[in-house]
Amino acid sequence: MPIALTRAPSTSLARCELSFRAREPIDVALAREQHAAYEHALASLGATIVRLPAADELPDAVFVEDVAIVLDEIAIVTRPGAASRRAEAISMTHALLPYRDVRTMRAPATLDGGDVMRIGHTLYVGRSARSNGAGIAALREEAEPRGYEVVPVPLTDCLHLKTGCTYAGAGVVLANPRWIDASALRDVEVLHVPEEEPWGASVLALGRALVMPASYPRTRALLESRGFTTCAVDLSELQKAEGGPTCLSVLIEGEASATD
Ligand code: CIR
């Protein structure tokens with residue numbers, strides 16, 4: 001089972017980047033409780049949690065997914081699209097070194113890990129405001145020689161590709177078709193989220209279950225009706241910062257924990 005890299009919410013979380021949601025007060029203490037419950041859910045599904053050091057001066061540092069792409073062979077530390085997030089890369093590089101050879105993206109490339117959805121050896125990459133052509137090219141340069149195909153996906157009105165679609169497993173992509181051009185996805189069934197829950201398409205497949213926000217009961221019922229097991233966690237404070245279940249961890253497959 002995988003290692004899950006995480007980082008506790010920063011004291012400065014309320015100063016997070018926001019693109020599509022209006023700023024609301026964030027209860028950081030509650031965010032930390034919810035984050036701990038999320039870690040607990042991942043651990044109960046078999047992941048070994050490895051926490052990165054706190055980074056209280058970096059508001060969005062809890063959203064570790066955006067700073068790394070972990071492949072079977074290497075890890076790529078990204079250059080996040082938001083300038084305020086670039087310093088997150090330093091501690092991520094140190095955290096990944098025990099597990100993978102680490103490559104680092106350089107300017108002018110920008111890419112957020114939230115824009116990369118892996119299905120087998122296909123890496124779908126969102127062309128978002130955060131991930132530019134040079135970032136996608138840099139990913140391609142590292143990934144294609146190792147047998148991965150990089151497929152750009154147009155998106156609109158959402159932050160990242162995985163805001164609008166995620167791979168649930170068993171050949172099913174859960175998607176909001178109003179945000180994602182799902183015609184770019186190949187050889188999968190696209191399951192649409194209920195219209196009332198446009199943000200519901202972001203779920204994290206781990207072991208036997210899909211970790212998802214408790215705030216999307218219709219999406220949850222849809223997934224359960226399709227035979228998926230779900231594990232709902234309350235992420236209200238992190239959702240106010242435009243975070244979801246995928247962005248709170250970096251999964252490193254095929255690693256035994258130091259205590260195994
Ligand atoms: C940001 O705008 O960068 C953060 N406030 C939210 C990042 C969420 N990341 C993700 O969904 N992969």
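Colleague: How many cavities of 30 Å³ or more are there?

Modeller: The count comes to one cavity of 30 Å³ or more. A cavity is a set of points, on a 1 Å grid over the protein atoms alone, where a 1.4 Å probe fits but cannot get out. This is a predicted model, where local features need pLDDT of at least 70 and side-chain atom pairs count only at pLDDT 80 or more, while totals for chains, interfaces and linings use all residues. Residues are numbered from 1 along each chain as its sequence is written, and side-chain values use heavy atoms, with hydrogens and water left out.

Colleague: How much space lies in the largest cavity?

Modeller: About 270 Å³, where a volume is the space filled by probe spheres set on the points, and grid points are joined across faces, edges and corners. The largest cavity is lined by 27 residues, and Thr163, Glu242, Gly243, Gly244 and Cys247 are the closest to its centre. Lining residues have an atom within 4 Å of a point.

Colleague: And the largest pocket, what lies nearest its centre?

Modeller: Arg118, Lys162, Leu204, Leu251 and Glu253, out of 34 lining residues. The space in the largest pocket is about 800 Å³. A pocket is an open set with protein on both sides within 12 Å along at least five of seven lines.

Colleague: Which element gives the largest share of that lining?

Modeller: Strand E9, with four residues. Strands (E, at least two residues) and helices (H or I, at least four) are DSSP runs, numbered from the N terminus.

Colleague: New topic. What is the strand order in the open sheet of three strands?

Modeller: E12-E13-E14, with mixed pairing. Two strands pair if DSSP finds at least two bridges between them. E12 (204–206) and E14 (230–233) each have a single partner strand, so one side of each is left without a neighbour in the sheet.

Colleague: In what sense do E13 and E14 pair?

Modeller: Parallel, over four bridges. Within E14, valine 233 is the bridge partner of proline 213.

Colleague: What about cysteine 231, buried or exposed?

Modeller: Buried, at 18%. Its sulfur is 16 Å from the closest cysteine sulfur, in cysteine 247, also too far for a bond.

Note on methods. Disulfide = S-S within 2.5 Å. Buried < 20%, exposed > 50% of the residue type's maximum accessible area, 1.4 Å probe, protein only.
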